[in-house]
Amino acid sequence: MASWNALSPSIVEYFEGEDFYRCGYCKNESGSRSNGMWAHSLTVQDYQDLIDRGWRRSGKYVYKPVMNQTCCPQYTIRCRPLQFQPSKSHKKVLKKMLKFLAKGEISKGNCGDEPMDSTVEDAVAGDFALINKLDIKCDLKTLSDDLKESLENEEMKKEKNSKKEGSNESIHSQAIEEKLGSGEPSHSIKVHTVPKPGKGADLSKPPCRKAKEIRKERKRLKLMQQNPAGEHEGFQAQGQPPSLFPPKAKSNQPKSLEDLIFESLPENASHKLEVRVVRSSPPSSQFKATFQESYQVYKRYQMVIHKDPPDKPTVSQFTRFLCNSPLEAEYPPNGPECGYGSFHQQYWLDGKIIAVGVIDILPYCVSSVYLYYDPDYSFLSLGVYSALREIAFTRQLQEKTSQLCYYYMGFYIHSCPKMKYKGQYRPSDLLCPETYVWIPIEQCLPSLENSKYCRFNQDPEAVDEGRSKEPDRLQVFHKKAIMPYGVYKKSQKDPSEEAAVLQYASLVGQACAERMLLFRS
């Protein structure tokens, strides 16, 4: 048996084979192909490693497109916020918001010049076909009790050998019990320090900006972090006192993203915008207090923007897809003040919610999950505006947590015209679907013009360094016991069982296979 202190509380249940669904992009009735698993719980480090291998979550269902077979290959895309400079169209959206807040001006033509309203709607676009998967019949409480019992048995064995070791195991068992039983956050969990993900070209280069500009930006971000209002609010409210911000940039110096977002407003501004970040899992008091209002915004969004019938966007559906999360809340001392995990970033206009960005805060990134907004405010291009706010939020978090320096935008789908807009947030990288290294998007686009599916890594000798090399070390949870796959397989006679486990190992990689517990009935 493995050392229990080295085990992660992540528990997953893998679905064998590949699933075929109607594609949410090209509408092919059975062209969308993916592998999936139900995540009962995930540490933020495990999920970070999974998305760096092309996985993505929708609620507690975690899926990975079969890239060389699916009709619309979905490439994981990340932006590098520290080097990000807003484009002309981005600046136009930010100025439009400032004009609306300051004078109540509504731009003519609405947001027809934008590629799309919701910058992250693809995350769930095709997933409603997975609804049966989300209603999985595995009893989490039974699973938790079984795991607790297996840990206690192991504790008793260890206690005989060493009191000190027994004490350590007791602490670990308590953490597992808290996470799987009560669902409350455990502050004892620490994020393991591992190398920064990705080996793509140009990632080591410093931002292409003057040192003076960088120093000024850091000072500005520190001022923003001192915001006393609200619990763990991501940013100060729009219309804050001008004294909190440095003088405007000189005309010969390009304005930073923060300059454009937080430009001071007149005292008699027509509107007030405030952004609040509230933990959604486990739900904070602020999240619970605003749940119904947030749901009503989601319901209107689905009905107006996606043409859902009134009975489709139910509270249950909303909770499953956008509130439930397998991510455990973690609060390491070197992490962001709000901790790691799943959050809702609420946009409050004059005291009411007009938009909500669903995000995950992970060791190396802010990962955008979904955005929904009040259709009455479509003219503000809230999809683009929220993406820019999330990029700025990532830059703010990076001030305290240096390794948290990427903004993951979900999937980039080059073969779907309305989904290509994500490549406009530069600099950005795409994940190679074969070697799982990050490649600057400029180097990927020529290949994608010729073929839907591409291996971006140009080195023909390069392989997946994180691939499964020792499947026998994979951790299995079976019949109230945790054991290496090498032990588990000796009692299995069904040949298809080995195929399923090996497929799982190849998709999650060696590191996650050794840390996560694969539930087998």
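Helix H1 and helix H15 cross in a left-handed way, meaning that the near helix is turned anticlockwise from the far one by less than a right angle. This is a predicted model, in which local features need pLDDT of at least 70, side-chain atom pairs count only at pLDDT 80 or more, and totals for chains, interfaces and linings use all residues. Residues are numbered from 1 along each chain as its sequence is written, and side-chain values use heavy atoms, leaving out hydrogens and water.

Here are two helix pairs, with axes as lines fitted to C-alpha atoms over the stretch in contact and angles running from 0 to 180 degrees between N-to-C directions.

| Helix pair | Axes | Angle |
|---|---|---|
| H1 (residues 44–51) and H15 (residues 495–515) | within 10 Å | roughly 160 degrees |
| H10 (residues 291–305) and H11 (residues 315–323) | 11 Å apart | about 95 degrees |

H1 is therefore roughly antiparallel to H15 (angles over 145 degrees). H10 and H11 are roughly perpendicular to each other (65 to 115 degrees).

Now to helix H13 (residues 441–450), whose buried residues are Ile441, Cys444 and Leu448 (buried means under 20% relative accessible area, exposed over 50%, with a 1.4 Å probe and protein chains only). Because they cover an arc of only 60 degrees around the axis, they lie on the same side of H13; the arc is that of the directions from the helix axis to the C-beta atoms. Glu449 and Asn450, on the other side of H13, are exposed.

Technical notes. Helix = DSSP H or I, 4+ residues; strand = E, 2+ residues; numbered from the N terminus. Parallel < 35°, antiparallel > 145°, perpendicular 65-115°, else oblique.
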